[in-house]
Structure formats: C-alpha cells, structure tokens
Amino acid sequence: MATPEDEIKQVDVRTKWKHEALNFTPWLAENLHLLGDELEMKLELDRTEVPVGPYYLDILAKEADEGVKVAIENQLEETNLEHLGQLLTYATGSGAQVAIWVAPEFVYEHAQALHRLNEWTKESIKFFGVKVEVFGKAGGEPLEARFRKVVYPGGWDKEVTLPSGEMPATKRQYYEFFQPLVTKLLREGFAEKTVQYFGHTGRIFPSSLVPGIGYAGSFFGDSAWVTLNIQLEDDDLNKRIFDTLEVDREEIERSVDAGPSPDWQWLRTDNFTYSSINIRRDGSIDDSPEKLEETRAWMLDLLPKLKEAFDPRLAEVLGSK
C-alpha cells in the first residue's frame, strides 16, 4: 500500500548521509539519473574525486545527448562562498560546459550569483543550483531523496532561496555550541584562527606547522568527534604522515588521557584526499543543554591533548619529507 503524502515528512539530509565525502558523493555518483531527471538531462558518470590542479572535483559527469562535460559540486549544508569558488574553479579547470551545485539550502546571494553567471555567459555554458531534500516515510520505510531545481539557465526560483542574512535554526544550534569553545581556545593561544569544518557541523583549528593539517571538533549524527585532520595538497605525503603516525599508535593512545575506554578511530581513507585520527563519543547537537555542555568540555579537554601528542611527531615527519 502506498504511503499517503501527508505521512511523509522532510528530515535533515544527514539522517541519510552522515558524511559528505564518504556517503553523499558516492551515493550521488550512483544516482545521477535522479539529478538528471530534475534537470531534464541525461547524466552519465565519468569519475569522482577528479584532480583539478592541486584540488579535487567531487563528480565529473557527461551530458549524453550533447556530449559535454558536467562538473558537480555537492555539499550537505547550506551554500557558502568556499563551495561557490570551488564550483567555478573545478568547472573551468575540468573544461566543463555545465556546472551543477547541489546543496540542501541556497543562500540568496549565492543563488543570485549563479543566476547572474547564466546571464553573463554564452548559451553553451550553463549553471544550475539544485536543492537536495530527504523525506522519511511512515512505517519505517527507506529514506527518500529528492532534487529541486533552484537556479537554471533562464530562471531562478526565489521562493526556495534562504532570505539574505537569515541563519537557519539548525545552523544556529551549531553556532551557539561552538562559539564558546572557539572563543576559549583562541584566547588561550591554541590556534590563530578557526574555520567551519564539514559545513557548519564542526570547527577546525589550522595547525601552524603547515597548511592542510588541523585539529577539529565536530558532530556527525549521534556522534561527537575530536580530530587530527591531515589534508595537504600532496596526497602521497598525506598517507605517509598517517602511516608514520600509525606506527606509534599504541604509544600515542597511551599518552593521551582521554578517559576510560576511549573510542579511537584511525581513518586512512585511501580513496579520498585526506586522512584523520579521531576520538569519538556519543553525542548529538540535539542533546539537552547539560549534555551539550558536557560534550563541549570534553572537546576543550581533548583538543589541546591531541595537539600536544601530535605536533612534535608531525614536525619530525614534515622535517624529513
């Protein structure tokens, strides 16, 4: 029996995909026909994680009917300037004539930028902004993903664009959680700055040792994480750094006082351009204020300990590269 439409509710996209690179990009690559149906295009996968200079395009596809390259940049949070710049860089660097930006929410100014690009460029160059939405069905049925065209050549659906200056409720939750943590660590000299990490769900503090290495706190689904993230432009060096650190894994884990039975996770991610060393605990941005305060204290305690344990080893590895 079909599920009545009024029993279908929209849910957060991370209910279906917890991680942008590890979950969403591979899923999208396998389901390009769904995106193509919304755009009335026949999309065929070429490759994922395509090098564009020192950077990597999420998905390179082909429009079968016209035979042109299609650059697809996807994310699991509302649009931001970083991904707009990436879309333009990847599309031009890969020689694509079609650029598609997929995100759960489009900020007004970013949608406006795509609309203007369509007005300014030749008819053979096309820009699309596409919302991805996830719906949960009654009775525990599988989560369903849907695409909705926001910006396209000749049009812009402003009704589904976030008003200028508005911060969505979910993003505000993360902001209010991380701001005290960021303020305290920056004041104490832990790092010189911080940037958003995996969208608005985390914050990363870049290391002073070399660009591309940083310490982060984040949430994914029902888990809270503290992380050493290794993402230099040289992927071979990324893996060599990780492998060198992993040789001392037992010694490193013993040296970090992370409480009873810490859940360490060493992720080499061979198919992606980064690796990470993490400590995980149960925790969600939707937890009670008391539990969130406990999680923040946990991050504040462990991030300096990770830096103390890893910075000397990283300096040694980088000095011998």
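Trainee: Which residues of α3 meet α4?
Mentor: This is a predicted model. In it, Leu81, Leu84, Leu87 and Leu88 of α3 meet His110, Ala113, Leu114 and Leu117 of α4.

Trainee: How do the residues of that contact divide into nonpolar, polar and charged?
Mentor: Seven are nonpolar and one is polar, while no charged residue takes part.

Trainee: At what angle do α3 and α4 pack, and how far apart are their axes?
Mentor: Helix α3, residues 81-93, and helix α4, residues 108-120, pack at about 20°, and their axes are 11 Å apart. Because angles under 35 degrees count as roughly parallel, α3 is described as roughly parallel to α4.

Trainee: Is the crossing left-handed or right-handed?
Mentor: The crossing of α3 past α4 is right-handed.

Trainee: Let us turn to the strands. How many bridges join β2 to β3?
Mentor: Eight bridges join them; β2 covers residues 43-52, β3 covers residues 55-63, and the two run antiparallel. Within this pair, Glu44 stands opposite Lys62 of β3.

Trainee: What about the hairpin itself: which residue there takes a positive phi?
Mentor: That residue is Gly53, with a phi near 60°, in a hairpin that has two residues between β2 and β3.

Trainee: Now the six-stranded sheet. In what order do its strands lie?
Mentor: The order is β11-β12-β13-β14-β16-β15, in an open sheet with antiparallel pairing.

Trainee: Why is one side of β11 and of β15 left without a neighbour in the sheet?
Mentor: β11 (195-196) and β15 (263-267) stand at the edges, and each has a single partner strand, so one side of each is left without a neighbour.

Trainee: Which helix packs on this sheet?
Mentor: Helix α8, residues 289-319, packs on the sheet and touches β12, β13, β14, β15 and β16. The direction of α8 makes about 155° with that of β13.

Trainee: How many bridges join β13 to β14?
Mentor: Eight bridges join β13, residues 213-220, to β14, residues 223-230, and the strands run antiparallel. In this pair, Ser218 stands opposite Trp225 of β14.

Note on methods. Residues are numbered from 1 along each chain as its sequence is written. This is a predicted model: local features need pLDDT of at least 70, side-chain atom pairs count only at pLDDT 80 or more; totals for chains, interfaces and linings use all residues. Side-chain values use heavy atoms; hydrogens and water are left out. Two strands pair if DSSP finds at least two bridges between them. Helices (H or I, at least four residues) and strands (E, at least two) are DSSP runs, numbered from the N terminus. Axes are lines fitted to C-alpha atoms, for helices over the stretch in contact, and angles run from 0 to 180 degrees between N-to-C directions. Angles under 35 degrees count as roughly parallel, over 145 as roughly antiparallel, 65 to 115 as roughly perpendicular and the rest as oblique. A crossing is left-handed if the near helix is turned anticlockwise from the far one by less than a right angle, and right-handed if clockwise. Contact means heavy atoms within 4.5 Å. Ala, Val, Leu, Ile, Met, Phe, Trp, Tyr, Cys and Pro count as nonpolar, Asp, Glu, Lys and Arg as charged, and the others, Gly among them, as polar.
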